[in-house]
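Please open the model in your viewer and keep the selection panel at hand. The stops below say what to select next and what is to be found there.

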Amino acid sequence: MKERSHSLVSFSTYLNKGFALRRHAAQMSDARTDPEISPASVFLALLHAFVFRLPSFQQLDAELGHSYLQHWIGAERPFRDDTLRYSLCGFDLQPLERMLVDLNRRLKRSKAFDPGRVQGHLVAALDGIEVLSSFSRHCENCLERRVTRKDAAGRKVEETQYYHRAVGCQMIHSPVKSFLALEWLRPGEGEETAALRLLSRLPRLYGSRFFDILLLDALYAQSPVLDLLQQTGWQAVISLKQNSRDLYQSAVGLFAHRTPDATFTEQRGHKTYRVQLWDTGDSEALPFTLDNPEPVRVVRSEEVLERHQYRQGKLTTTETDQEWLWITALPAQAFPAAVVRRLGHDRWKNENNGWMVLSQHWAFKHGFLHACRHRPQRTNPSGERELVPNQGLPAVALILLIAFNLCSAFVLRHSKLARRDHLTAIAVAAQLHRCISKAPPSLRAPT
Ligand SMILES: [Zn+2]
């Protein structure tokens, strides 16, 4: 008989056999003493919520009434979302990060990252993402900024806005676009500081050969980043904007009086790009800055984007001029300007921006656990009782990345149905979820 829909058993087996889910779950720990509901059950419950895209934690609360789910997460009784909160606020991040790393290593070993290699190379990108913002609720890890907004009477008022921001690293060349790691900005620091911390942590987590090329935006066109890249041996393609003034101007000056090194037209859906490329190649590489005269190769693209659209029954064409510059140390022979341009653009493609996917389809922007004061206490060195540091947001984010990676891998590599019927990840999740709802709910014990 043909496989008609996804069974939860096959998904569960996939997670246990392929990714040692149970073994990792058993490693989870939190700050509670002698809890009745284990950290493993809390982790599995939240993983369940993310995998099946439950719209709220109240929904998870309701599903915890199913004996099926209790059995799957290894809990002897149902529990409420306050147990989840209390556990997650003091969750130990290390076992979560170890699981994320192990999962990615397994994906690499099973050749999940082989399709889509660029000239045989594996490509990752660094991106910043803002996770939540609030004018009222804030915690000790919040970042702050002054924002002007209108009050109820329409008057402009300036207020302090609190928010959280992180820099993440994601594989982007292959259909399985796995997240590798996440680094949170600390109060008062800039994104490049967190990025440098992430870049120095990545080789420790994965080894420096886990990927070959890193795509970075103009914010990271800075000497400390270039130095670090040189140490680790990663190649990079970095956008160049006018904030790197000297280099930008010398490149534009150099290219101004010569014909393009390549000219071509590219068709993508209803868009046509007419592209002209200039390239310093390796021989004419320009000094990065006055202080750091390390020569870098610069590629410049002048593009006319034509959009063909039907408006009121008539085909109309609109044209936009675009200019792009990138710096790289990739050798010109193996990576001609057109390949550097493609890599540069890959970073901006919507389907390559997993963070956007997370905030649109995975409810990554909710403020769950933010500024939560319901958390375990510990005794500090001076003998006083204090709340443990709030790990809620980073813990939830890591569990979300684990769920996202596992689901993308399952859907793209192991689900015959997704391939045969072109099912989306959301449709597969819905199918799997229906298997659970078929199980009768057990009666909830009175609380
Ligand atoms: Zn906060």
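Begin by selecting helix H3 (residues 39-51) together with helix H6 (residues 81-89), which pack at an angle of about 110 degrees with their axes 10 Å apart; axes here are lines fitted to C-alpha atoms, for helices over the stretch in contact, and angles run from 0 to 180 degrees between N-to-C directions. That angle makes H3 roughly perpendicular to H6, a label given to angles of 65 to 115 degrees. H3 passes H6 in a left-handed crossing, meaning that the near helix is turned anticlockwise from the far one by less than a right angle, whereas clockwise would be right-handed. Show the side chains next: Val42, Ala45 and Leu46 in H3 meet Leu84, Ser87 and Leu88 in H6, contact being heavy atoms within 4.5 Å. By class, this contact of H3 with H6 has five nonpolar residues, one polar and no charged ones, where Ala, Val, Leu, Ile, Met, Phe, Trp, Tyr, Cys and Pro count as nonpolar, Asp, Glu, Lys and Arg as charged, and the others, Gly among them, as polar.

The model is predicted, so local features need pLDDT of at least 70 and side-chain atom pairs count only at pLDDT 80 or more, while totals for chains, interfaces and linings use all residues. Residues are numbered from 1 along each chain as its sequence is written, and side-chain values use heavy atoms, with hydrogens and water left out.

Now select Ser29, in the loop between helix H2 (21-26) and H3. Ser29 is partly exposed, with a relative accessible area of 27%; buried means under 20%, exposed over 50%, and partly exposed in between (1.4 Å probe, protein chains only). Not counting residues up to four places away in sequence, Ser29 touches Pro39, Phe91 and Asp92. The C-alpha atoms of Ser29 and Asp92 are separated by 5.6 Å, although the two residues are 63 apart along the chain.

Move on to helix H7 (residues 93-109) and helix H8 (residues 191-206), whose axes come within 10 Å and cross at roughly 65 degrees. H7 and H8 are therefore roughly perpendicular to each other, and their crossing is right-handed. The contact is made by Glu97, Leu100, Val101, Asn104 and Arg105 of H7 and by Arg201, Leu205 and Tyr206 of H8. Its residues divide into four nonpolar, one polar and three charged.

For the aromatic residues, how many aromatic pairs does the structure hold? There are seven, a pair being rings of Phe, Tyr and Trp (its six-membered ring) with centres within 6.5 Å, stacked if the planes are under 30 degrees apart, edge-to-face if over 60 and tilted otherwise. Select Tyr14 and Phe410, a tilted pair with 5.1 Å centre to centre and 55 degrees between the planes. This pair links distant parts of the chain, Tyr14 lying in helix H1 (residues 8-19) and Phe410 in helix H13 (residues 392-414), 396 residues apart. Both Tyr14 and Phe410 are buried. Trp324 and Trp326 form a stacked pair, 6.0 Å centre to centre with 10 degrees between the planes. Trp324 is partly exposed at 21% relative accessible area, whereas Trp326 is buried at 0%.

Finish with helix H11 (residues 337-346), where eight of the 10 residues are buried, so the helix is largely enclosed by the rest of the structure. Among the buried residues of H11 are Arg341, His345 and Asp346.

Terms used
Helices (H or I, at least four residues) and strands (E, at least two) are DSSP runs, numbered from the N terminus. Angles under 35 degrees count as roughly parallel, over 145 as roughly antiparallel, 65 to 115 as roughly perpendicular and the rest as oblique.
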